[in-house]
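Q: I have not looked at this one before. Can we go through it together, one topic at a time?

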Amino acid sequence: MVILDSSYRRPSGPFEVNFESASRLADGYFTESRQPLALIQYGGGKQFPLSVECPSLSIPVAQLNKETLVEIWTSSTPVATGEQDEIAYAANDQALVGVSRPAESPGQLLDVVTHNAYSDILRFVKQKGYPNLLRVWNYLSDINDEQDDLERYRRFCVGRFNAFRELNAGFEQALPAATAAGLHDPGLLIYFLAVRGTSQPIENPRQLNPYDYPPQYSPRSPSFSRAMVKDWGTHRQLFISGTGSIVEHRSLHAGDVVAQLTEILRNIDALLEHTANVSGTDFRDECTTSTFKVYLRHAADLPLIEKQLAHALGEGASVLLLNVDLCRKELLMEIEGSYTR
Ligand code: 3EB
């Protein structure tokens, strides 16, 4: 029998991210020690029944969970909110969450829109005193379509790269962990976590650093890290980027979602093992809490992978399932994870 010491607390840092059932949210969810930082809703419409003052983003992609979930970021310490340079933000004394929705005007190329948006974000986080951009989620419309003979994902990569490159020399050593997924509504939706102090980028030994991909994937490198570890002192967090069935730089198992899942799980295992070796923190430890987002290109594939997924992530794991397009046409699935211990 395991008896938990009554002083045991779930690991929790300056903020928490939870996927909550929209229908079960009620007044009283937010308290002095659980203040709203950001709300991310998926699937369109207003799912969040409470009125709160914090940045919110509605991402028009379908959820595949049985009940509708809302992604809620909360802080245990006081929060300041605001809007500046078209970035809505909320921050406590250690972390800032921001939301940016740059419009795409007709005729404007996505690399230009992305370049401007990322330049604004990078300038903003520096100016606010949270210069370390740790984790970014990017949703772009028609990700695999061409715009002026170049795939929109690649245009996005060009714009993002240029914004980082202008920021400082050596930028490739400290790129944020990231996810990039598709939308079918116009525009670019970005939300991000920026923090004070340093963090440790982690590579995946089974995969090439995206920054070093050969140019066949994009004329400018995808500017993200495989993962980031943040040490908050009392506890540590690991953010794993959207992880696909990619080994070295090649996509494997085109057309086979089951084999892609197996490869993704190998990639995540390798990353967790490598993280333990280089950071000294083993996030496979049972004291870790974790949440996952699973991105599926075809909703009809869900029954094929559901069992294996539940087994791999744990029956009780907190998982948000989203139906989206992904950066490479042959990728049918990606998984990202956030771990705290
Ligand atoms: C990959 O590993 C798959 O460009 O921000 C995954 C996560 C992918 C983030 C991004 C791309 C991005 O290359 C694609």
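Q: Let's start with the cavity lining. Which element gives the largest share of the lining of the largest cavity?
A: That is β16, which supplies four residues. Keep in mind that this is a predicted model.

Q: How much space lies in the largest cavity?
A: About 40 Å³. The structure has one cavity of 30 Å³ or more.

Q: OK, on to the ligand. Which residues are around the ligand?
A: The residues around the ligand are Tyr153, Arg160, Ala178, Thr179, Ala180, Tyr213, Phe224, Arg226, Gly242, Ile246, Cys327 and Glu334. Arg226 and Gly242 are in this shell, and Arg226 and Gly242 also line the largest cavity.

Q: What about classes in the shell around the ligand?
A: The shell divides into seven nonpolar, three charged and two polar residues.

Q: How far is the polar side-chain atom of Tyr153 from an oxygen atom of the ligand?
A: The distance for Tyr153 is 2.5 Å. For Tyr213, a side-chain N or O atom is 2.6 Å from an oxygen atom of the ligand. Arg160 has a side-chain N or O atom 2.7 Å from a ligand oxygen.

Q: How much of the ligand does the protein bury?
A: The protein buries 99% of the 360 Å² that the ligand exposes when taken alone.

Q: Which elements give two or more residues to the shell around the ligand?
A: Those are α2 (152–167) and β12 (177–183). β12 gives the most, with three residues.

Q: New topic: how many aromatic pairs does the structure hold?
A: There are 17 aromatic pairs.

Q: Where do Phe161 and Phe171 sit in the chain?
A: Phe161 is in helix α2, and Phe171 is in the loop between α2 and β12. They are ten residues apart, and the pair links distant parts of the chain.

Q: Last topic, the largest pocket. How much space lies in it?
A: About 440 Å³. The largest pocket is lined by 17 residues, and the closest to its centre are Asn65, Glu315, Ala317, Val319 and Leu321.

Q: Which elements supply at least two residues of the lining of the largest pocket?
A: α4 (302–313) and β20 (318–323) each do. The largest share, five residues, comes from α4.

Q: And the lining of the largest pocket by class?
A: Ten residues are nonpolar, four are charged and three are polar.

Methods. Residues numbered from 1 in each chain as written. Predicted model: local features only at pLDDT ≥ 70, side-chain atom pairs only at ≥ 80, totals over all residues. Heavy atoms only, no water. 1 Å grid on protein atoms, 1.4 Å probe; cavity = no way out; pocket = protein on both sides within 12 Å on 5 of 7 lines; lining within 4 Å. Points joined across faces, edges and corners; volume = space filled by probe spheres on them. Nonpolar A, V, L, I, M, F, W, Y, C, P; charged D, E, K, R; others polar. Near = heavy atom within 4 Å. Polar contact = N/O pair within 3.5 Å; in protein donor to acceptor, adjacent residues only side chain to side chain. Areas by Shrake-Rupley, 256 points an atom, 1.4 Å probe, with all protein chains shown as cover. Phe/Tyr/Trp six-rings, centres within 6.5 Å; stacked < 30°, edge-to-face > 60°.
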